[in-house]
Amino acid sequence: MITNLLRHISGLGPSPQSSQLWWMQRVTALALVPLGLWLIIAVLFLMDDSYQSVYAWVQSMPNTIGLIVFTLAAFHHAQLGMQVIYEDYLPQEWLKLIAILLTKTFFLVLGLAVILAILRIYVSPLRDVL
């Protein structure tokens with residue numbers, strides 16, 4: 001206990017930010033368990049279906065919301081995991097900062113692209129044709 005206190009005082013212990021990152025990783029991991037199971041089961045059931053039936057499945061409001069929430073949780077969880085790796089293994093502070101900023105930007109752009117693709121299917125004019 002005294003060792004942990006000395007580490008914290010000297011700046012070597014966990015900071016409030018690292019505790020928050022640790023909790024957010026656990027929360028996103030916990031959210032990804034049921035969402036991941038739901039998505040795996042859905043993909044297994046849709047594997048032999050036609051393109052139109054999979055398209056219609058994505059256009060369903062609950063499935064659209066589920067896919068968006070899964071995307072948000074998965075990309076945020078991945079970004080947090082990469083940030084922890086950078087903070088633990090990159091020696092220079094400037095390199096950590098650049099790596100974290102690039103990773104956050106990458107996952108933000110990729111996540112937005114996935115969400116926009118899901119929303120585009122949801123509002124697609126093919127909704128009435130199928």
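V33 sits in helix α2, which covers residues 16-46; helices here are DSSP runs of H or I with at least four residues, numbered from the N terminus. The model is a predicted one, so local features need pLDDT of at least 70 and side-chain atom pairs count only at pLDDT 80 or more, while totals for chains, interfaces and linings use all residues. Residues are numbered from 1 along each chain as its sequence is written, and side-chain values use heavy atoms, with hydrogens and water left out.

Next come the aromatic rings. Rings of Phe, Tyr and Trp (its six-membered ring) pair if their centres lie within 6.5 Å, and planes under 30 degrees apart count as stacked, over 60 as edge-to-face and the rest as tilted. By this rule there are five aromatic pairs. In one of them, the ring centres of Y51 and Y55 are 5.6 Å apart with planes at 40°, so this pair is tilted. Y51 and Y55 are four residues apart in helix α3 (residues 51-59), which puts about one helical turn between them. What about exposure? Buried means under 20% relative accessible area, exposed over 50% and partly exposed in between (1.4 Å probe, protein chains only). Y51, at 58% relative accessibility, is exposed, whereas Y55, at 12%, is buried. Elsewhere, F75, F106 and F107 make up one aromatic cluster.

Technical notes
Helix = DSSP H or I, 4+ residues; strand = E, 2+ residues; numbered from the N terminus.
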